[in-house]
Amino acid sequence: MAYTLNLIRTELRKSLLFGKSYSVQYIADHFFFVVGFLIMAGLFNVATDGAYTGDAQLGSLIGYLTWRVAAGIIRGIVGSVSNDAQWGTLEQIWLSGSRPTSVILARAIALVAFFTVRVLFIALFIVPVLRIPMSFPLHTLPGALFLYLLTLISPFGVALILTGLQLVYKNVEALAFPLATILLFLTGALSPLDGISVLYPLSRFLPISIGVDLLRDLLVDGVSLSTIILQPAFLGLLLNSAMYLGVGWFVINWAKGKVLAHGSLAHY
Amino acid sequence: MELSFYPQLVSELRREFLVWRSYQVNAISSLVMWGVVFPILLVTLISVAENAGVNYSASLQAASLIGFLIWKLCTGVLVAVPRMIEQEASMGTLENVMVTSYLPFSVLFFFRVIARSIRSCLEALLLGLVLTFVFGLSLTMSPAAFLITFLTLAGVWGIGFALAGLAMIYKNIASVTSLVAYLAFTISGAFVPINSLGVVFTILKYTFPMTWGIDILRSVMIDGYDLALLIRNGSLPGLLLQSAAMLIIGYVILNSSLNRVKVRGELGVY
């Protein structure tokens, strides 16, 4: 336990040091995501003749921020392994005392914490500018945090799948950006996809879609956590998370065995 | 005299075709990507509208498609024009092109832009055919629609010339070009008509490229405006004037930049 905590602390420190070293890039990134949402909200407002306000904006913001963290986890984990491979430090990390999967897990936890803080700052800018009503009671926040963390398991699974493929086939990192970006539109992160024939059933199989819907139920529609847990959608979220985590775990272990057997871990 | 231009124009058209053929996988995959991106964006917009209790009707979808296609056509040219200078400069062939061609550089460059525009038109046309079929929309291209498309594109040529001039001086302006191109997607009203923005729309219409052209094209292709009506309500003369102004300003910037780098001997520097 102390070993895992130490790993997480190290990864958190690494994220913070990166943040400090590349502060301008992080500020520009922050600005980009704030402006990106404001432009989208403006377009939606125009397209709906001003009907896109209040709860609709809050629903979109919840999806947007959750997607931002999910995309950050996917790109962050795959990118870090790719960087280690390019810098030649991947072998050192994998052959050190720490188990590679534990390092990746610690990295994911650090990324969740890091990106959660970042999206809170994004929300701090967007909410007052658009005057989004934050009408949910404070006692719903622990439940929201629980659903949020459960939702982020499937992006972690996707990151494990891509990392495994990166280890074996190299240069798979290029896939992470378009994949993470397209999730914004296909998962209904910006707006619920209910009633859209092909996209809605498809979105149920994608990461974050069910979780974002449940977060909206909790924070926008005021449905209690106890009611949400009894819904079939919650079971769907558990299954979705378990499926991605299971497949990710399988792929990373397969890749680990393959690269160690072929001696291609240090290749790039 | 006119005939002496002809071989150069043909060679630029041939060059564009050869470039397309050499990088056809890239060109086709880019086209497929935009063919996928537009439906995803439109479905997102429809879902947002439905969740807000608004019907994003077929005519609004057609308006989005028209704007998207014109944006795709114009940015394809807008991004390519300064990149032509950047590429020649980085490969070290910019000086060669200027010295070896018997035509003035601005004329040669104009032919290159025409060749690129023809390619972009064909791509946009193909994309339009596929997307109108996918969404079951009906769009007809009247002579007025062709004229408005041409005038909008001509205005974009002007902006492209200005950016090409900047590329001669500052060598790499890809980030500026990309910013203008992607900003145009939202603030020109390409994806969502922004006519309801009142004074903001009026300012953008007169100052930002594509905005006015897209708006007039929607009037022609959706509301059935003809040339006579466009002349009477002042849209056509206005767009003509705007495009001419952009072309002249762009041409002046391109030529003055060319003179500046020649005087400073920076033409071959990258």
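In this predicted model, helix H6 (residues 143-170) of chain B and helix H9 (residues 211-221) of chain B have axes that come within 9 Å and cross at roughly 175°. With angles over 145 degrees counted as roughly antiparallel, H6(B) and H9(B) are therefore roughly antiparallel to each other. H9(B) also packs with helix H11 (residues 235-264) of chain B, and chain B in turn has a contact with chain A.

**Packing of H6(B) with H9(B)**
- From H6(B), the residues B:Ala144, B:Ala145, B:Ile148, B:Thr149, B:Leu151, B:Thr152 and B:Gly155 meet B:Gly213, B:Ile216, B:Leu217, B:Val220 and B:Met221 of H9(B).
- Sorted by class, this contact of H6(B) with H9(B) comprises 8 nonpolar and 4 polar residues, with no charged residues.

**Packing of H9(B) with H11(B)**
- The axes of H9(B) and H11(B) lie 10 Å apart, and the two helices pack at an angle of about 155°, which makes H9(B) roughly antiparallel to H11(B).
- The crossing in which H9(B) passes H11(B) is left-handed.
- On the H9(B) side the contact is made by B:Trp212, B:Gly213 and B:Ile216, while H11(B) supplies B:Ser235, B:Gly238, B:Leu239 and B:Gln242.
- The residues of the contact of H9(B) with H11(B) divide into 4 polar and 3 nonpolar, and no charged residue is among them.

**Contact between chains A and B**
- Chain B contributes 20 residues to the contact and chain A contributes 19 residues.
- Helix H2 (residues 24-51) of chain B provides 10 residues, the largest share of the side of chain B that touches chain A.
- That side of chain B has 13 nonpolar, 6 polar and 1 charged residues by class.

Conventions. Residues numbered from 1 in each chain as written. Chains lettered and ligands numbered in written order. Predicted model: local features only at pLDDT ≥ 70, side-chain atom pairs only at ≥ 80, totals over all residues. Contact = placed C-beta atoms within 7 Å. Helix = DSSP H or I, 4+ residues; strand = E, 2+ residues; numbered from the N terminus. Nonpolar A, V, L, I, M, F, W, Y, C, P; charged D, E, K, R; others polar. Axes fitted to C-alpha atoms, helices over the stretch in contact; angles between N-to-C directions. Parallel < 35°, antiparallel > 145°, perpendicular 65-115°, else oblique. Left-handed = near helix turned anticlockwise from the far one by under 90°.
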